[in-house]
Amino acid sequence: MCGIVGYVGEKQALEVVVDGLRRMEYRGYDSAGIAVVVGDHLDIRKKAGKLANLESLLGADPLEAATLGIGHTRWATHGGPTDINAHPHVSADGSVALIHNGIIENFARLRDELAQRGIELTSQTDTEVAAHLLAEHLGQCEGDLAEAMRRTCRQLDGAFTLVAVVADHQDVVVAARRNSPLVIGLGEGENFVASDVAAFVSYTRQALELGQDQVVEMTRDRVVITDFFGEVVEGKPFTITWDAAAAEKGGYDLFMQKEIAEQPRAVADALRGRFGVDGQLVLDEMRLTDSQLREIDKIVVVACGTAFHAGLVAKYAIEHWTRIPVDVELASEFRYRDPIVDARTLTIAISQSGETMDTLMALRYAREQGAQALAICNTVGSTIPRESDAVLYTYAGPEIAVASTKAFLTQIIAAYLVGLYLAQVRGNMYGDEIAAVMKELNDAPQAVDLVLDTSEGVEQLAAELAEARSVLFIGRHVGYPVALEGALKLKELAYMHAEGFAAGELKHGPIALIEPGLPVICIVPSPRGRAVLHDKILSNIQEVRARGARTIVIAEEGDESVTEFADHLIRVPAVPTLMQPLVTTVPLQVFACAMATAKGHDVDQPRNLAKSVTVE
Ligand code: M6R
């Protein structure tokens, strides 16, 4: 949540910062603001609403020319999305401008202490206390900005990324990080800090990971990192493997459309290079030994939202291949219910961003109990992989639309690879069996490509159903998490009631929701898989149809048995059972995107949401 960018160099800071904010607006769009340092003063503009509002303001009332600046795009936590609560926040003496991502948990006490010293807050945010504290410390440590930031951080509880600039410090940006994300971009005669590399990838691909509880002091030709007590530490360098074009719309109207269309390529990239020369599967980072993996007697997947649904899909495959029990847990619930995890538990954290706070906290909790941790993540160098014992990156490329699409498919691929890896190490499967599944996986990009051809029909259907009050989704086996995912997409994009059910569960209550004309989307398993599942869902479809539901049936090519029960039929290519989520999810993504478009919603930036949820 919240996108943060800071720049120092030779370019116009305004252009660089606004460009960075544009690329990070997916992180929050309740308000935006920018500050530049001009001689002995700060020039600041901020505005509630999307970045476009700030840009209009800047058009009418331009900032002064400057080569050092910071910018922020907000997802509101403390205080509503107003102009006053927009960042940057300024210290009482006007000398410090500061932006923040995260939550300062002890802000009420700090606010009261400031009030006793005669400093009243002007906003309702938790952030403002940090601006005042930084200014106070700066006065006490002879203008040493990094030291002032360290002292400030030592007073704060919670999760925070802070970036600050100071009037008359024309060449230095200071930033700090605890829990919330922050990366440094290293340019020639210029440097950047940002929540996400997307903010500066068009200027440099050389970056540094900032660790936990670290402060960075950055000038145009120098970057010094210390811990919160002043000990100098090294950042971990990495190279960004994608270019700025990957984070552009590339001719599509919407990022979501582009990301749906990219899925064949993303799935192929997630699979690339996974077989070593010796025929063994390869993960990206593996700090667990084979004997540790052989000791595992339980797997716990922790994840949120779409990533949680990917975990639910993976459970079917991993249990089938390895015979290890797999629990899939909502990360936000996990550590509050005294879960049973120990040194023989493998915790798999699935996260596109690698920064989701609920998932990070669940992962840390599991590790504290002695569990091993494996991350499945799209964002190289983010916190969740950094804190894990093993990492498998999904290589889906940047996902900008708030609704997850290619991340979901590639998370399933990655989780399947983990299952196969475990089966290989533990000897649950023969090499040729693993190779056969890898062949099925390698065929998936083509199948996903084929299913994209059905998009036009699905879009027309969505336009027809735009007035529906509610849509239900039913599935069995791996089709059940797909039903949950279809419903989540529709809720977050079309703002309508949508629910996913295990089809067999309908008769235990939800069937009461069926009324004439209610659209029910039915995900039909292959008759070539477990025939019994296929037959049972046909019965479930008839049950809802008998009560007046309008049935939209997703079934594989050649399955003619469904035709008579379908008011609308969406065909997907015939693929093996465990590969079906890769094809059946795609029409549901297209459906939600088209439904939201038909209703006139902002598809890429749905209301109340942010791409990366870095608060609990
Ligand atoms: O970055 P993560 O994968 O950890 O994010 C988890 C969820 O917040 C995310 O999948 C969310 O549910 C999506 N917006 C759904 O489309």
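This is a predicted model: local features need pLDDT of at least 70, side-chain atom pairs count only at pLDDT 80 or more; totals for chains, interfaces and linings use all residues.
Which strand gives the most to the lining of the largest cavity?

**View 1. The largest cavity and its lining.** Strand E6, made up of residues 96-104, gives the most to the lining of the largest cavity, contributing three residues. The space inside this cavity comes to about 80 Å³, and among the 13 residues that line it, those closest to its centre are Arg74, Thr77, His87, Gly102 and Thr127. Sorted by class, the lining of the largest cavity holds eight polar residues, three nonpolar residues and two charged residues. In the model as a whole, the count comes to three cavities of 30 Å³ or more.

**View 2. The second largest cavity.** About 70 Å³ of space lies in the second largest cavity, whose lining is formed by Arg476, His477, Val478, Gly479, Ile523, Val524, Pro525, Thr577, Gln580 and Thr584. By class, this lining divides into five polar residues, four nonpolar residues and one charged residue.

View 3. The largest pocket has a volume of about 770 Å³, and of the 47 residues that line it, Trp242, Asn378, Thr379, Val380 and Pro398 lie nearest its centre. Two or more residues of this lining come from each of strand E14 (236-239), helix H7 (263-271) and helix H12 (383-386). Domain 1 (3-246) and domain 2 (249-448) each supply at least three residues to the lining of the largest pocket, which by class consists of 18 nonpolar, 16 charged and 13 polar residues.

**View 4. The second largest pocket.** The second largest pocket holds about 580 Å³ of space, and it is lined by 25 residues, with Cys304, Gly305, Thr306, Ala307 and Val613 the closest to its centre. At least two residues of this lining are supplied by each of helix H9 (305-322), strand E18 (345-351), helix H11 (357-368) and helix H16 (479-494), and the largest share, five residues, comes from H9. In the lining of the second largest pocket, 12 residues are polar, 10 are nonpolar and three are charged.

**View 5. The packing of helices H1 and H2.** Two packed helices are described by the angle between their axes and the distance between the axes. Helix H1, which spans residues 13-24, packs against helix H2, which spans residues 51-60, at an angle of about 160 degrees, and their axes are 11 Å apart. Because angles over 145 degrees count as roughly antiparallel, H1 is roughly antiparallel to H2. The crossing in which H1 passes H2 is left-handed.

**View 6. A cis peptide bond at Pro88.** The peptide bond that runs from His87 to Pro88 is cis, with omega near 0 degrees, and Pro88 itself lies in the loop between strand E4 (68-74) and strand E5 (89-90).

**View 7. A positive phi at Glu142.** Although Glu142 is not a glycine, it has a positive phi of about 50 degrees. This residue, Glu142, is found in the loop between helix H4 (127-140) and helix H5 (145-155).

Notes:
Residues are numbered from 1 along each chain as its sequence is written. Side-chain values use heavy atoms; hydrogens and water are left out. On a 1 Å grid over the protein atoms alone, a cavity is a set of points where a 1.4 Å probe fits but cannot get out, and a pocket is an open set with protein on both sides within 12 Å along at least five of seven lines; lining residues have an atom within 4 Å of a point. Grid points are joined across faces, edges and corners, and a volume is the space filled by probe spheres set on the points. Helices (H or I, at least four residues) and strands (E, at least two) are DSSP runs, numbered from the N terminus. Ala, Val, Leu, Ile, Met, Phe, Trp, Tyr, Cys and Pro count as nonpolar, Asp, Glu, Lys and Arg as charged, and the others, Gly among them, as polar. Domain bounds come from an automatic or database domain assignment. Axes are lines fitted to C-alpha atoms, for helices over the stretch in contact, and angles run from 0 to 180 degrees between N-to-C directions. Angles under 35 degrees count as roughly parallel, over 145 as roughly antiparallel, 65 to 115 as roughly perpendicular and the rest as oblique. A crossing is left-handed if the near helix is turned anticlockwise from the far one by less than a right angle, and right-handed if clockwise.
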